Amino acid sequence: MLGRSDDRIVLDNGHVVDPLPIEMAVASHRSVRTAYIRKSSGGRSIELWVEFNSGSPAPDEQFDELVSMKLAGTPRWQWPKQ
């Protein structure tokens with residue numbers, strides 16, 4: 001299994017993101033199998049990759065609201081693009 005070389009992601013704009021709490025918050029949803037944060041191709045933000053459990057319904061508005069609720073209190077620049 002491959003992983004990150006560091007526990008933090010340094011964005012090109014100087015911001016440092018600790019991805020583990022975000023990944024754990026998203027992965028706590030019952031239909032999520034795996035959540036992974038990575039630096040976007042532009043390097044100025046992060047992206048969220050989610051693998052859902054087989055047989056789970058596709059993500060919907062309720063899932064987006066749950067992610068927003070889980071990330072409440074986190075600086076907006078740390079919110080991943082989905």
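**Close-up views of a predicted model**

**View 1. The largest nonpolar core of this predicted model brings together 14 residues.** Within this core, the residues with the most contacts are Val-17, Ile-22, Val-26, Ile-37 and Ile-46. Helix 1, strand 3, strand 4 and helix 2 each supply at least two residues. Strand 3 gives the most, with 3 residues.

**View 2. Here we zoom in on Ile-46 and the residues it touches.** Leaving aside residues up to four places away in sequence, Ile-46 is in contact with Leu-11, Val-17, Ile-22, Ile-37, Arg-38, Lys-39, Ser-40, Gln-78, Trp-79, Pro-80 and Lys-81. Look back at the core, too: Val-17, Ile-22 and Ile-37 are listed there with Ile-46 among the residues with the most contacts.

**View 3. Helix 1 (residues 19-27) has several buried residues.** They are Pro-19, Ile-22, Glu-23, Ala-25 and Val-26. Seen down the axis of helix 1, these buried residues fall within an arc of 160 degrees, so they line one face of the helix.

**View 4. Strand 3 (residues 32-39) and strand 4 (residues 46-52) pair in the antiparallel sense.** Tyr-36 stands opposite Trp-49 in strand 4. Between the two strands of this hairpin lie 6 residues, and Gly-43 takes a positive phi near 80 degrees.

View 5. Among the elements, strand 1 (residues 9-10) has the highest mean pLDDT, 89, while helix 2 (residues 61-70) has the lowest, 75.

Technical notes:
Residues numbered from 1 in each chain as written. Predicted model: local features only at pLDDT ≥ 70, side-chain atom pairs only at ≥ 80, totals over all residues. Heavy atoms only, no water. pLDDT = per-residue confidence, 0-100. Helix = DSSP H or I, 4+ residues; strand = E, 2+ residues; numbered from the N terminus. Pairing = 2+ DSSP bridges. Buried < 20%, exposed > 50% of the residue type's maximum accessible area, 1.4 Å probe, protein only. Arc of directions from axis to C-beta. Core = buried A, V, L, I, M, F, W, Y, C linked by side-chain atoms within 4.5 Å. Contact = heavy atoms within 4.5 Å.
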